[in-house]
Amino acid sequence: MSRPIVISGPSGAGKSTLLKKLFQEYPDTFGFSVSSTTRNPREGEVHGKDYNFATVEEFKQMIDANKFIEWAQFSGNYYGTTVDSVKEVSSSGKTCILDIDMQGVKSVKDKTDLNARYLFIAPPSIDDLRKRLEGRGTETEESLNKRLSAATAEMEYANTGAHDKIIVNDDLDKAYAELKDFIFGN
Ligand SMILES: Nc1ncnc2c1ncn2[C@@H]1O[C@H](COP(=O)(O)OP(=O)(O)OP(=O)(O)O)[C@@H](O)[C@H]1O
């Protein structure tokens, strides 16, 4: 069974961009874990595929039983990633990729037996990060500032040597080549 790969890094560093390229080039090799949620299924959503749907009661029991790598509440609903959902991807023969934040990384390290590998995607600088987030056009002034201050904490954590590899996403093609080296290397 292949070891899960945990990818983290500041919002805007380019994680989604790099993963999109990877999934396009290797459509059958990798998988994301199925998240759990207490929100109602939308039309067409399939339990176990789009989400693992749970009641609030069930979700809370899973929190108490330490089933989650990370969980959060957004607009009245709970969302989370269970250790089991990661293991399911690995048992299906795919390499599970987890795109999570610093708290999630700490949780995988401290509280699970997932034996993951840790990759950090860094921006060339905080100034570049700001420009990218502005360029993406998804942020308000407030959410931009929030992301930039979280970025500083993420970078400080990366400086403690918590990850197996740090890739600076300056030139996208170069960063992508380094990503593949890490993922297909050891
Ligand atoms: N090497 C690069 N050079 C310039 N721009 C880039 C590079 N990589 C990504 N970008 C751009 O930076 C922006 C942020 O990238 P992306 O959305 O992939 O970040 P992310 O780390 O996934 O963020 P989040 O955690 O918020 O999802 C996007 O607009 C993307 O096109």
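**Notebook: the ligand site and the pockets**

I sorted the lining of the second largest pocket by class: two nonpolar, six polar and four charged residues. For pockets I used a 1 Å grid over the protein atoms alone; a pocket is an open set of points where a 1.4 Å probe fits, with protein on both sides within 12 Å along at least five of seven lines, and lining residues have an atom within 4 Å of a point.

The model is predicted: local features need pLDDT of at least 70, side-chain atom pairs count only at pLDDT 80 or more, and totals for chains, interfaces and linings use all residues. Numbering runs from 1 along each chain as its sequence is written, and side-chain values use heavy atoms, without hydrogens and water.

I looked up the volume of this second pocket: about 230 Å³. Its lining includes Lys15, Asp99, Arg132 and Arg136. H1 supplies the largest share, three residues.

I counted 14 residues around the ligand (a heavy atom within 4 Å), with Ser11, Ser16, Thr17, Arg136 and Asn169 the closest.

I then listed polar contacts (N or O pairs within 3.5 Å). A polar side-chain atom of Ser16 is 2.5 Å from a ligand oxygen. A polar backbone atom of Gly14 lies 3.0 Å from an oxygen of the ligand. For Leu172, a polar backbone atom is 3.5 Å from a ligand nitrogen.

Last, I turned to the largest pocket. Its volume is about 1,000 Å³. I found 28 lining residues, with Glu70, Phe74, Asp99, Ile100 and Asp101 nearest its centre.

Note on methods:
A polar contact is a pair of N or O atoms within 3.5 Å; within protein, one must be able to donate a hydrogen and the other to accept it, and residues adjacent in sequence count only if both atoms are side-chain atoms. Grid points are joined across faces, edges and corners, and a volume is the space filled by probe spheres set on the points. Helices (H or I, at least four residues) and strands (E, at least two) are DSSP runs, numbered from the N terminus. Ala, Val, Leu, Ile, Met, Phe, Trp, Tyr, Cys and Pro count as nonpolar, Asp, Glu, Lys and Arg as charged, and the others, Gly among them, as polar.
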